[in-house]
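Please read it with the structure open.

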Amino acid sequence: MLEIILEFAGLILVLVVLCLAGLAFRRRLLQRGGGTFDSSLRLHKQANGKGWSLGVARYAGDTVEWFPVFSYALRPRRSFSRNDLIVQARRDPAANEALGLYAGHVVVECEQAGRTVELAMAEDALTGFLVWLEAAPPGRRHAPL
């Protein structure tokens, strides 16, 4: 009986290791082309600061693609075109928000097609993000921070 329990525990351990290895391999695939940064996206606005999802963002031409960390999908969950993304404001996360975000990230409030989008990223990633937005073709409406 003890052997069966140990075999079952070993099988569970192997499955957990394979799942974690799969997530690490997916992240490497996403980072392969460069231009990636850690970013959180607020999927659901909730009063207590919840609703954030940890992820990885990747520049892909005129779009930023956002992938959740805990997913095996190789397709982005959300895409943001620089042609219709306008940065409205930036702020430090509230105390209850900071618990669900990467350490040291700031929140960037944007507008896309009339909807508010909140992203959280590190200061250096924010600098690159703003430069990427500013590099849009002439004539695009842009609201600086």
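The points below go from the ground rules to the sheet, the salt bridges, the surface and some single residues.

1. Ground rules. This is a predicted model: local features need pLDDT of at least 70, side-chain atom pairs count only at pLDDT 80 or more, and totals for chains, interfaces and linings use all residues. Residues are numbered from 1 along each chain as its sequence is written, and side-chain values use heavy atoms, with hydrogens and water left out.

2. The sheet. Seven strands make an open sheet, in the order β4-β3-β2-β1-β7-β6-β5. The pairing is antiparallel. At the edges are β4 (78-81) and β5 (85-91), and each pairs on one side only. From one strand to the next, the twist averages 35 degrees. Strands here are DSSP runs of E with at least two residues, helices are runs of H or I with at least four residues, and both are numbered from the N terminus. Two strands pair if DSSP finds at least two bridges between them. In general, strands of a sheet pair through backbone hydrogen bonds, either parallel or antiparallel.

3. Strands β5 and β6 pair in the antiparallel sense over six bridges. Look at Leu85: its bridge partner in β6 is Gln112.

4. The helix across the sheet. Helix α3 (residues 123-134) lies across β1 (36-42), β2 (52-60), β3 (63-68), β4, β5, β6 and β7. Its angle to β5 is about 155 degrees. Axes are lines fitted to C-alpha atoms, for helices over the stretch in contact, and angles run from 0 to 180 degrees between N-to-C directions. Contact means heavy atoms within 4.5 Å.

5. Salt bridges. How many salt bridges does the structure hold? There are eight. The criterion is a side-chain nitrogen of Lys or Arg within 4 Å of a carboxyl oxygen of Asp or Glu. One of them joins the side chains of Glu118 and Arg42, at 3.1 Å from N to O. Glu118 lies in strand β7 and Arg42 in strand β1, so this pair ties together parts that are 76 residues apart in sequence. Glu118 is buried, at 4% relative accessible area. Arg42 is buried too, at 10%. The cut-offs are under 20% relative accessible area for buried, over 50% for exposed, and partly exposed in between (1.4 Å probe, protein chains only).

6. Arg91 meets Glu97 in a salt bridge at 2.7 Å, N to O. Glu97 is buried, with a relative accessible area of 3%, whereas Arg91 is partly exposed at 25%. Arg91 also meets Glu118, at 2.9 Å from N to O. Since Arg91 sits in strand β5 and Glu118 in strand β7, that pair ties together parts 27 residues apart in sequence. Shared partners join Arg42, Arg91, Glu97, Glu109 and Glu118 into one network of salt bridges.

7. The nonpolar patch. Phe8, Leu11, Ile12, Val14, Leu15, Val16, Leu18 and Leu20 form a nonpolar patch on the surface, with about 770 Å² of accessible area together. Patches take residues with over 30% relative accessible area and no salt bridge; like charges are joined within 9 Å, nonpolar side chains (Val, Leu, Ile, Met, Phe, Trp, Tyr) within 5 Å. Areas come from the Shrake-Rupley method with a 1.4 Å probe, and for residues only the protein chains shown count as cover. Val14 is in helix α1 (residues 2-31) and is partly exposed at 47%. Leu15 is found in helix α1 as well. Leu15 is partly exposed, at 44%.

8. Ala113 and Arg115. Ala113 has a positive phi of about 55 degrees although it is not a glycine. Ala113 sits in the loop between β6 (106-112) and β7. Is Ala113 buried or exposed? Ala113 is exposed, at 65% relative accessible area. Arg115 belongs to strand β7 (residues 115-121) and is exposed at 53%. Leaving aside neighbours within four places in sequence, Arg115 is in contact with Arg78 and Cys110. The C-alpha atoms of Arg115 and Val16 are separated by 38 Å.
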